[in-house]
Every structure is written in structure tokens, then in C-alpha cells.
Amino acid sequence: MSRAVYPGSFDPITRGHLNIIERALDMYDGLVVLLAVNPDKRSTFTDEENLAMIREATSHWPQVEVDATDGLLVDYARAHGIRQAVRGLRAVTDFESEFSMALMNRSLWEEFDTVYLMTSAEYMYLRSSTVKQVAEHGGDVSRFVPPGVERRLRERFGQA
């Protein structure tokens, strides 16, 4: 069985992330959506809230597992027998940082590869940080995030 890991901060998960997950499931028998916890990054939602939103948004895919780590991606992947990561690319600006991260991961574990999927055109501009800004100012984010995330964003920013 081939499995891959899709790491990210997912704060919160968006329809762009779900698009990458859906397309990765055409390539792999299973996918671990991995909340990569970065203690230096100030998140809008707690790790538990983000995990709950990811689980809710992916619950219709039985081949998706949701997990979290605060360690190195390659250490998590090696411990779980996963040799490939899936990452989405929105634009050329994403490529440089993604490329250096992939090279670093490969240098830490030479059997580990990263597969890139180009984001669908309708999500090229979509970033979790932008979605949060729109929600914070009362904008409609329903076309950018799943319903459970939209509800939590409204609650978070006092619009429920």
C-alpha cells in the first residue's frame, strides 16, 4: 500500500488544501494530513481546533488519516514508513522555499521524496492567512473554506 504525508500548518484548512488532498488520493492508497506544529508561529486556532477542522473536512475520505507532529517531517515519515510528502504549489514564489525544504528533507533522509501538485487555478491566490483577514473583517469566506471552518472563523471573530 502506498501512502504519502501532506504536511502543513492548516490554520485553517481551506478548499485549496482539500483540492490537493483529493488529487493526492488519486495517486496514493492513503494520505496522512499532518498538522506541522510550529511553536514559533502564532496560530489563530489551537492545534486541537485545527485537528478537529481537518478531521471534519476530510471525514468523507476513509483513506485519509489526520495526525500532528512538532518534530521534523522526515522523522515522522520514517517512523510511520512513509517515503513521500505531497505539497501544493500556488505560484513561482512558493517554489523557492519548497525546493529548499525538499532538498533539506532529502539530505536528512535520502529515501524521502517530495511530490508537488500545482494548485487548481481557482485556488492560486488562496492562503489561510488571507482567508483569516477576510473573515476578521466580516467578509464572506464560504467559497474558500468548508462550512465547519467558516462557522469557527465567524465564532472566532465575533460574528456568529
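Visitor: Before we start, what am I looking at?
Guide: This is a predicted model, where local features need pLDDT of at least 70 and side-chain atom pairs count only at pLDDT 80 or more, while totals for chains, interfaces and linings use all residues. Residues are numbered from 1 along each chain as its sequence is written, and side-chain values use heavy atoms, with hydrogens and water left out.

Visitor: Okay, strands then. How do β2 and β3 pair?
Guide: Strand β2 (residues 30-36) and strand β3 (residues 64-69) are parallel, with six bridges between them. Helices (H or I, at least four residues) and strands (E, at least two) are DSSP runs, numbered from the N terminus, and two strands pair if DSSP finds at least two bridges between them.

Visitor: Which residue of β3 is opposite L34?
Guide: That's D67.

Visitor: And what do β2, α2 and β3 make together?
Guide: A right-handed β-α-β unit. Right-handed means that, with the strands pointing away from the viewer, the path from the first strand over the helix to the second runs clockwise.

Visitor: Where else is there a unit with that handedness?
Guide: β4, α4 and β5 also form a right-handed β-α-β unit. Its strands, β4 (residues 84-89) and β5 (residues 113-118), run parallel and are joined by six bridges. Among the partners, V86 goes with V115 of β5, and R87 goes with Y116 of β5.

Visitor: Let's switch to helices. How do α2 and α6 pack?
Guide: Two packed helices are described by the angle between their axes and the distance between the axes. For helix α2 (residues 47-58) and helix α6 (residues 147-156), the angle is about 150° and the axes are 9 Å apart. Axes are lines fitted to C-alpha atoms, for helices over the stretch in contact, and angles run from 0 to 180 degrees between N-to-C directions.

Visitor: So is that roughly parallel or roughly antiparallel?
Guide: α2 and α6 are roughly antiparallel to each other. The cut-offs are under 35 degrees for roughly parallel, over 145 for roughly antiparallel, 65 to 115 for roughly perpendicular, and oblique for the rest.

Visitor: Which residues make the contact?
Guide: From α2 they are E49, A52, M53 and E56, and from α6 they are G148, V149, R151, R152 and R156. Contact here means heavy atoms within 4.5 Å. By class, the contact has three nonpolar, one polar and five charged residues. Ala, Val, Leu, Ile, Met, Phe, Trp, Tyr, Cys and Pro count as nonpolar, Asp, Glu, Lys and Arg as charged, and the others, Gly among them, as polar.

Visitor: Tell me about V149. Is it buried or exposed?
Guide: V149 is buried, because its relative accessible area is 2%. The cut-offs are under 20% for buried, over 50% for exposed and in between for partly exposed, with a 1.4 Å probe and protein chains only.

Visitor: What does V149 touch?
Guide: Not counting residues up to four places away in sequence, V149 touches P12, I13 and M53.

Visitor: Where is P12?
Guide: P12 is in the loop between β1 (3-8) and α1. A cis peptide bond links D11 to P12, with omega of about 0°. F10 is in the loop between β1 and α1 too. F10 has a positive phi of about 40° although it is not a glycine. Most residues other than glycine have a negative phi, and most peptide bonds are trans.

Visitor: Is F10 buried or exposed?
Guide: F10 counts as buried, at 2% relative accessibility.

Visitor: How far is D11 from D47?
Guide: Their C-alpha atoms are separated by 8.7 Å, and the two are 36 residues apart along the chain. D47 is in helix α2 and is partly exposed, at 29% relative accessible area. Leaving aside neighbours within four places in sequence, D47 is in contact with L35 and V37.

Visitor: Last one: what about N19?
Guide: N19 sits in helix α1 (residues 15-24) and counts as buried at 12% relative accessibility. Beyond its neighbours within four places in sequence, N19 contacts S120 and Y123.
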